[in-house]
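Okay, everyone, thanks for coming. Let me put the chain up on the screen and then we'll walk through it.

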Amino acid sequence: MEEQTKRLHPIKIPLDLGKLLKGNIFFIIILYLFNFGSEKMYMKILQIAFLIYLAWRVLAIILKWYTYKYQIKEGTIHITSGLISKSYQSIPLHKVQNVHRRTTVFHRIFKLTSLTFETGTSGDEGSVPFEVISQKEAERLERTHSSKHDSIMDAQVAEEKIAADLEPSMEKTIHFTPTKRDVLKASFTSLSFLALIPVLATLYNTLDDFIDLRNAEGYAEKAMESWWIITIAITALICIAVTFGIVSTFVKYGKYEISSDQERIHITKGVLDETTFSIQKEKVQAVEITQSIMKRMLGLAEVKLISAGSTGDEGLDTNVLYPFLSIERAYAMIEEILPAYKVERAMEPLSKQAFKIRMLRPSVFWLLTTAAISFFDIALWYLSLILLVLIFTLRILDFKSSRYLLNGEFVQFKSGSLETSLFITKRSKVIQIEVRRSKLQKVFGLASIETINRSKPVHHTTIHDVPAEYADDFYAWYIGRTQAIQTE
């Protein structure tokens, strides 16, 4: 029996109507609140035209929900939409790279969720969103994707068979859940308590519209003449800022879980707005470990999984493992969740020739800035000197942190000054390399090498000023990929 076509949940209609109202609230206030009962002809025309526009948009929202249908048949998702102009979309399930589920507060109230299948292609086949569906339907779609069945079968029998087949492989191993100490450390490392400053500024401006705060400032100045009032005020402000930072961090990272099964990696986060990201292990193109200055001081790191598919809303950082892992735990977790990957601590540093070329390489930015200072105000010459010192300091830091290594099937690059990045990928996941040598690099026997991995957008990783001999080995290493290339 063929699976019936289905629609998204009807709650999508009021959700889209809410978005329509939110997007046009400014025009509604101007036309119907500030100009209510206006006798001006042009205003009446605008009000009527806007009502017609709203009515058309409401009808379009209803028709869009009614005509949008989906069906999974023979291992392919078939989507049809449109009333007058029909649109058809077919995406094989085996092309799905990532599965992204997001449950907002709105979804949670009605026991719904949103699900997105992300592929490694661009255009209409780049993603398959199911914006408003039930939790049960989302689980069914995920199971159907994981099962990779290509034959047509009765829906009820298929669900029973899928559940039976997947029961052993769906057992998850939980690798990390944050403790209270982790949340506290994350709140200070992320500087989330500083977010209170714009909140207080907004609150001040809002109150100033209703209360004359200038007179209040005079009373505050008199009160601040007392040292004990100043002490209490500063202590209270610090407590409020710290509490705000801890609460905001807990809302974002409190309910966090990194787990995996035999085939997939799962990342769940969010207390109010819950996000779940799932990616097949074989689809991971590379791993990137980044550390800011503060994270290096505290021994923390962020691990990012680079995959061929898009990860939905980039602002959510869905493909980032917990961004405040201890560096030791970060290295260990990579090998736990990705047994095919190996991370080597010992890497080759850059040579003395690389240090010389970095000190001699001219800075176009410094030259332009110095020329501008000389032209406009020569008295600011010291700014040029400060900029030069800063540039050379960053170059020295980058030189000290830069490392490289060829380790069998793997290549590792590390670079960065204020923020360092360690990049790890397999030869079979690299789609293109580039070896470049400038005239200055030829003099010092150096080269720049670059790897390109499939991602969205395409991921480029470059390390500069490695020995020319290593560049030759790197090129030969890549040419040997014909023995281990993977077709996806």
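Quick definition before we count anything: helices (H or I, at least four residues) and strands (E, at least two) are DSSP runs, numbered from the N terminus. By that count, the chain has 17 helices and 20 strands.

Now, this is a predicted model, where local features need pLDDT of at least 70, side-chain atom pairs count only at pLDDT 80 or more, and totals for chains, interfaces and linings use all residues. Residues are numbered from 1 along each chain as its sequence is written, and side-chain values use heavy atoms, with hydrogens and water left out.

So how confident is the predictor? pLDDT is its confidence in each residue, from 0 to 100. The chain's mean is 80, with 81% of residues at 70 or more. Residues 149–169 stay under 50, and the model gives them 23 contacts beyond four places in sequence; contact here means heavy atoms within 4.5 Å.

On to one sheet I like. Strands β18, β19 and β20 form an open sheet in that order, with antiparallel pairing; two strands pair if DSSP finds at least two bridges between them. β18 (430–436) and β20 (459–467) are the edges with a single partner strand each, so one side of each has no neighbour in the sheet. Between β18 and β19 (residues 446–453) there are 6 bridges, and E434 sits opposite E450 in β19.

What lies across β18, β19 and β20? That's helix α17 (residues 468–479), running at about 155 degrees to β18. Angles run from 0 to 180 degrees between N-to-C directions, using axes fitted to C-alpha atoms, for helices over the stretch in contact.

Note on methods
pLDDT is the predictor's confidence in each residue, from 0 to 100.
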